[in-house]
Amino acid sequence: MPTKTNWGEKIWEELSSIDVTEYAVRKGSGGNFNPLYIPWHVAHHILQSKYCGHYTRTDHPLEVLPDGTGLVQVTVEIRGVEQTTYLAVMDHSFQSAICDSVLVQKAYQRAFVKAVALHGLGLQLWLKGNKGEVVDLTPTNPQELYEEARAELE
């Protein structure tokens with residue numbers, strides 16, 4: 001009997017192994033928050049190249065909040081594995097903003113790339129420290145964390 005493919009694991013392995021740094025763009029011109037990201041068209045091209053006919057994107061209805069700001073929701077499904085993400089409608093400085101058609105469209109594109117990252121593509125761009133060094137993801141002993149925090153308070 002053939003073994004069943006674990007598509008979640010396979011998709012993660014395939015997408016997280018792709019180095020997207022050559023496509024990365026820095027948003028903004030400095031400031032406090034200046035993230036690297038991959039443009040939506042790069043994410044779409046990679047998904048089409050790897051999963052043509054086996055990937056879909058669903059943009060859910062915009063949720064407008066009482067103050068006029070909004071949330072978008074995007075689901076990316078690859079071979080039956082879904083990842084869904086929410087994202088606020090934001091202005092150029094990443095602050096929530098009153099919904100207008102341009103900002104809403106940008107929010108959907110950003111949410112799409114974020115949902116793709118949950119499948120593994122481009123997530124390594126966010127695994128960098130403040131100065132570009134790779135973040136140490138080794139689990140830390142909770143007792144050590146407690147002692148460090150207590151020492152800082154004293």
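The legends below describe close-up views of a predicted model.

Local features are reported where pLDDT is at least 70 and side-chain atom pairs only at pLDDT 80 or more, whereas totals for chains, interfaces and linings use all residues. Residues are numbered from 1 along each chain as its sequence is written, and side-chain values use heavy atoms, with hydrogens and water left out.

**Figure 1. Overall arrangement of the chain.** The secondary structure comprises four helices and six strands, where helices (H or I, at least four residues) and strands (E, at least two) are DSSP runs numbered from the N terminus. In sequence order these elements give the pattern α-β-β-α-β-β-β-β-α-α. Of the 154 residues in the chain, 29% are buried; buried means under 20% relative accessible area, exposed over 50%, and partly exposed in between (1.4 Å probe, protein chains only). Among the contacts with a separation of 6 or more, 55% involve residues 24 or more positions apart, a contact being heavy atoms within 4.5 Å.

Figure 2. Helix α3 covers residues 101–119, and its 19 residues should span 27 Å at 1.5 Å a residue; the end C-alpha atoms are 28 Å apart, which agrees. The expected span is 1.5 Å times one less than the number of residues. The buried residues of α3 include L103, V104, A107, Y108, F112 and V116. The buried residues of this helix pack against α1 (7–16), α2 (40–51), β3 (55–59), β5 and β6 (81–88). Just after the helix, G120 has a positive phi of about 125 degrees.

**Figure 3. The largest pocket.** The largest pocket holds about 610 Å³ of space. On a 1 Å grid over the protein atoms alone, a pocket is an open set of points where a 1.4 Å probe fits, with protein on both sides within 12 Å along at least five of seven lines; lining residues have an atom within 4 Å of a point. Grid points are joined across faces, edges and corners, and the volume is the space filled by probe spheres set on the points. There are 23 lining residues, and Y37, L87, R110, V113 and W126 lie nearest the centre of the pocket. Both β2 (36–37) and α3 supply at least two residues of the lining, and α3 gives the most, with seven residues. By class, the lining has 17 nonpolar, two polar and four charged residues. Here Ala, Val, Leu, Ile, Met, Phe, Trp, Tyr, Cys and Pro count as nonpolar, Asp, Glu, Lys and Arg as charged, and the others, Gly among them, as polar.

**Figure 4. T75 on strand β5 and E82 on strand β6.** T75 is found in β5 (residues 70–78), while E82 is found in β6. T75 is buried, with a relative accessible area of 7%, whereas E82 is exposed at 53%. The side chains of T75 and H60 are joined by a polar contact of 2.7 Å. A polar contact is a pair of N or O atoms within 3.5 Å; within protein, one must be able to donate a hydrogen and the other to accept it, and residues adjacent in sequence count only if both atoms are side-chain atoms. Beyond four places in sequence, T75 is in contact with T56, R57, T58, H60, E82, Q83 and T84. With the same exclusion, E82 touches T75, V76, E77 and H119. E82 and A115 are 33 residues apart along the chain, and their C-alpha atoms are separated by 8.8 Å.

Figure 5. T69 lies in the loop between β4 (63–64) and β5. T69 is buried, with a relative accessible area of 9%. The side chain of T69 makes a polar contact of 2.5 Å with the side chain of D67. T69 and I98 lie 29 residues apart in sequence, with 4.4 Å between their C-alpha atoms. Leaving aside neighbours within four places in sequence, the contacts of T69 are E63, V64, S96, A97, I98 and C99.

Figure 6. Most residues other than glycine have a negative phi. R79 has a positive phi near 50 degrees and lies in the loop between β5 and β6. At 34% relative accessibility, R79 counts as partly exposed. F94, which is not a glycine, has a positive phi of about 65 degrees. The loop between β6 and α3 contains F94.
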